[in-house]
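Open the structure in your viewer and keep the sequence panel beside it. The stops below say what to select and what is found there.

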Amino acid sequence: MNRRPAVMAGPAPAELEGLVEQLETSLAALGQALRLRDADAIEGHAQRLHQSLERAVQGCQRAARQGGLPAPLRHRLVRASGQVAAQRETLVRATVALDRAMDALMPRDAANLYGSRGWSGASAGGGQLIG
């Protein structure tokens with residue numbers, strides 16, 4: 001009896017469609033949370049996006065080994081990749097703006113003025129008054 005090695009079947013087109021749709025939905029939800037500046041929602045949607053990306057990448061890798069990804073899904077993934085890059089850029093800009101605001105509110109030199117014991121000028125003389 002001539003047996004061929006078992007090959008894992010690639011995902012069905014409907015399964016791939018579902019994976020890409022979940023990815024697009026996760027991206028849209030994260031984008032909305034970013035626009036609303038809702039930190040809790042951003043965190044939750046970012047985690048779901050990460051999971052959706054993992055599943056989509058695994059599905060696409062299996063599809064590629066089995067003959068390739070249909071062109072419409074490939075185009076949707078390219079579009080999703082662009083959206084991820086745009087969201088990443090938005091987060092970088094927000095982080096830079098936050099860092100600038102924090103620097104304005106709490107200058108880095110302030111650490112030299114105040115220590116764990118208070119103002120450094122008070123401890124220069126041992127903290128004793130001479131009178």
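Begin with the buried residues of α1: Leu16, Leu19, Val20, Leu23, Ser26, Leu27, Leu30, Gly31, Ala33 and Leu34. Buried here means under 20% relative accessible area, exposed means over 50%, and partly exposed lies in between (1.4 Å probe, protein chains only). Helices (H or I, at least four residues) and strands (E, at least two) are DSSP runs, numbered from the N terminus.

The model is predicted: local features need pLDDT of at least 70 and side-chain atom pairs count only at pLDDT 80 or more, while totals for chains, interfaces and linings use all residues. Residues are numbered from 1 along each chain as its sequence is written, and side-chain values use heavy atoms, with hydrogens and water left out.

Now show the whole of α1, residues 13-36. Its 24 residues reach 35 Å from the first C-alpha to the last, close to the 34 Å expected at 1.5 Å a residue; the expected span is 1.5 Å times one less than the number of residues.

Move to Arg37, in the loop between α1 and α2. Arg37 is not a glycine, yet has a positive phi of about 60°. With a relative accessible area of 73%, Arg37 is exposed.

Next, select Asp38 and Asp40 at the start of α2, where a side-chain oxygen of Asp38 reaches to within 3.3 Å of the backbone nitrogen of Asp40. After α2 comes Gly67, with a positive phi near 130°.

Stay in α2 and pick Ser52. Is Ser52 buried or exposed? Its relative accessible area is 3%, so Ser52 is buried. A polar contact of 2.9 Å joins its side chain to that of Ser26. A polar contact is a pair of N or O atoms within 3.5 Å; within protein, one must be able to donate a hydrogen and the other to accept it, and residues adjacent in sequence count only if both atoms are side-chain atoms. Leaving out residues up to four places away in sequence, Ser52 touches Gln22, Leu23 and Ser26, where contact means heavy atoms within 4.5 Å.

Go to Gln87 in helix α3. Gln87 counts as buried because its relative accessibility is 12%. Its side chain reaches the backbone oxygen of Leu27 at 3.0 Å. Leu27, Leu30, Gly31, Leu34 and Leu49 are touched by Gln87, again not counting residues up to four places away in sequence.

Follow the chain to Met106, in the loop between α3 (71-105) and α4 (110-113). Met106 is exposed, at 52% relative accessible area. Select Leu98, Met102 and Leu105 as well: with Met106 they make a nonpolar surface patch of about 430 Å².

Finally, zoom out. The secondary structure comes to five helices and two strands, which run α-α-α-α-β-β-α from the N terminus on. Of the 131 residues in the protein, 21% are buried. Among contacts with a separation of 6 or more, 69% join residues 24 or more positions apart.

Methods:
Patch = residues over 30% accessible without salt bridge, like charges linked within 9 Å, V, L, I, M, F, W, Y side chains within 5 Å. Areas by Shrake-Rupley, 256 points an atom, 1.4 Å probe, with all protein chains shown as cover. Salt bridge = Lys/Arg side-chain N within 4 Å of Asp/Glu carboxyl O.
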